[in-house]
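Open the model in your viewer and keep the selection tool at hand. The tour goes stop by stop.

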Amino acid sequence: RLRDAEQRLGVLLFDRTPEGLVATAAGEELAETAERVEAEVLTTEGRLLGRDEALRGRLRVSTLDFVFDAFPELFGTFRERYPGIEVTVRVTTENVSLRRREADVALRLAQSPAEHLVGRRVGTIHFEVYAARSLVERVGEDAPLSAFPWIGWDDRDDTRFMDAWLAEHAPGASFTIRTGDFGVTRRAVSAGLGAHFMPCCLGEPDPNLVSLGHRLVAEARGLFVLTLADLRHNSRVRAFMDHAYAYFEPQRPRMEGPPR
C-alpha cells in the first residue's frame, strides 16, 4: 500500500534504511495533513453521535481495575435500567483517548480533569496500608510496619514514591515479591504474602484484610466521570453519566474509608 501511494503521488514518502522506514519531508507533510483530517473526522463523528436519541446501541467505558472491582454494581444496575445499551468495559491503568473513540466515557483518578473533557467529580478515593488477617496474627497486631513483609512495585516502574514512603514509615522493610499488576497485588495481599497500599473501598469490606492504620491522605485522588464535550448530549452517554452520578453519591463514604 505504501508503494502504491508513492507511485500514485509520484514522490518518495519514506527512505528505506537498515534501521527501518524514515519519513521524508514529503512523508512528514502528508502525516501532518492526515492528522488534521483525522481530527476533523473524529470531531464530526462526535457531533453526529451527540444527536443520537435512541437508548440502544453500544457504549464504551474505560475504568481502572480496582474501580470495577469495588463498584461492579454500577454496570449491573445500568444494564438493568437500559437493557438496549450494550456496554463494553475497558480496564486499563492508562488514560485512553476519548478523541480517538477508544472510549465514550472514562472513569479516571485525577486531581483535575483535562480541559477538553466534561463531567463531574463523584468522590475521593483514599488509600491505606492493608495486610491479610493471617499475616497480622503471625507478625503481631502491635508490630511496626517494618516488621511486615511488603508487596513491592515492579522496579521497571517508578518506585520513588514507595521507596521514600517506606524509608520514612517502615525503614528496613523487605519485599516478598514485586509486581506492576494490581490484580496480582491484591491476591498477594489476601494470601498473606505481604502488606501494601489498597483503596479503602476494597480493603474495608474485605473480612480477610486488616488496616495497619496508615492512610495516604495527601495521595488521595478524585474519581471523575468524563466524556468529550461533543458526546455529552448523546443519549447513551448522558444516560450512563447521570446513572453514575446517582450511583456514586451514596458510595462516597466507602471511597474515603472510615474515620481513623
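Start by selecting Y247 and F248: both are buried. Keep in mind that this is a predicted model.

**Stop 1: an aromatic pair**

Show the two rings. Y247 and F248 form an edge-to-face pair, with 5.2 Å from centre to centre and 80 degrees between the planes. The angle of 80 degrees makes the pair edge-to-face because planes over 60 degrees apart fall in that class.

**Stop 2: the nonpolar core**

Stay on F248. F248 is among the residues with the most contacts inside the largest nonpolar core, along with V105, L107, W150 and F240. That core has 62 residues. Now select helix α9, residues 235-248. Helix α9 gives the most to this core, with 8 residues. As a general background, nonpolar side chains tend to be buried together in soluble globular proteins.

**Stop 3: an aromatic cluster**

Ring pairs link F68, F75, F78, Y82 and F240 into a cluster. How many aromatic pairs does the structure hold? The structure holds 15.

Another of the pairs is F66 with F182. Their ring centres are 5.9 Å apart and their planes stand at 55 degrees, so the pair is tilted. F66 lies in helix α3 and F182 in helix α7, so the pair ties together parts that are 116 residues apart in sequence. Are F66 and F182 buried or exposed? F66 is buried, and F182 is buried too.

**Stop 4: the largest pocket**

The largest pocket holds about 1,000 Å³ of space.

Colour the contributing elements next. β3 (57-63), α3 (65-70), β5 (105-110), α7 (182-190) and β10 (196-199) are the elements that give two or more residues to the lining of the largest pocket. Which element gives the most to this lining? β5 does, with 4 residues.

The lining of the largest pocket divides into 12 nonpolar, 9 polar and 9 charged residues.

**Stop 5: salt bridges**

Switch to charged side chains. In general, side chains of opposite charge can pair when their charged atoms come close. A search of the whole structure finds 8 salt bridges. Three of them follow.

Select R186 and D69. Their side chains meet in a salt bridge at 3.4 Å, N to O. R186 lies in helix α7 and D69 in helix α3, so the pair ties together parts that are 117 residues apart in sequence. R186 is partly exposed at 24% relative accessibility. D69 is partly exposed as well, at 36%.

Select R156 and D154. The side chains of R156 and D154 form a salt bridge at 2.9 Å, N to O. R156 is exposed, with a relative accessible area of 73%. D154, by contrast, is buried, with a relative accessible area of 15%. D154 counts as buried because its 15% is under the 20% cut-off.

Finish on R160 and D158. Their side chains meet in a salt bridge at 2.8 Å, N to O. R160 counts as exposed at 63% relative accessibility. D158 is partly exposed, with a relative accessible area of 46%.

Definitions and conventions: Residues numbered from 1 in each chain as written. Predicted model: local features only at pLDDT ≥ 70, side-chain atom pairs only at ≥ 80, totals over all residues. Heavy atoms only, no water. 1 Å grid on protein atoms, 1.4 Å probe; cavity = no way out; pocket = protein on both sides within 12 Å on 5 of 7 lines; lining within 4 Å. Points joined across faces, edges and corners; volume = space filled by probe spheres on them. Nonpolar A, V, L, I, M, F, W, Y, C, P; charged D, E, K, R; others polar. Core = buried A, V, L, I, M, F, W, Y, C linked by side-chain atoms within 4.5 Å. Buried < 20%, exposed > 50% of the residue type's maximum accessible area, 1.4 Å probe, protein only. Salt bridge = Lys/Arg side-chain N within 4 Å of Asp/Glu carboxyl O. Phe/Tyr/Trp six-rings, centres within 6.5 Å; stacked < 30°, edge-to-face > 60°.
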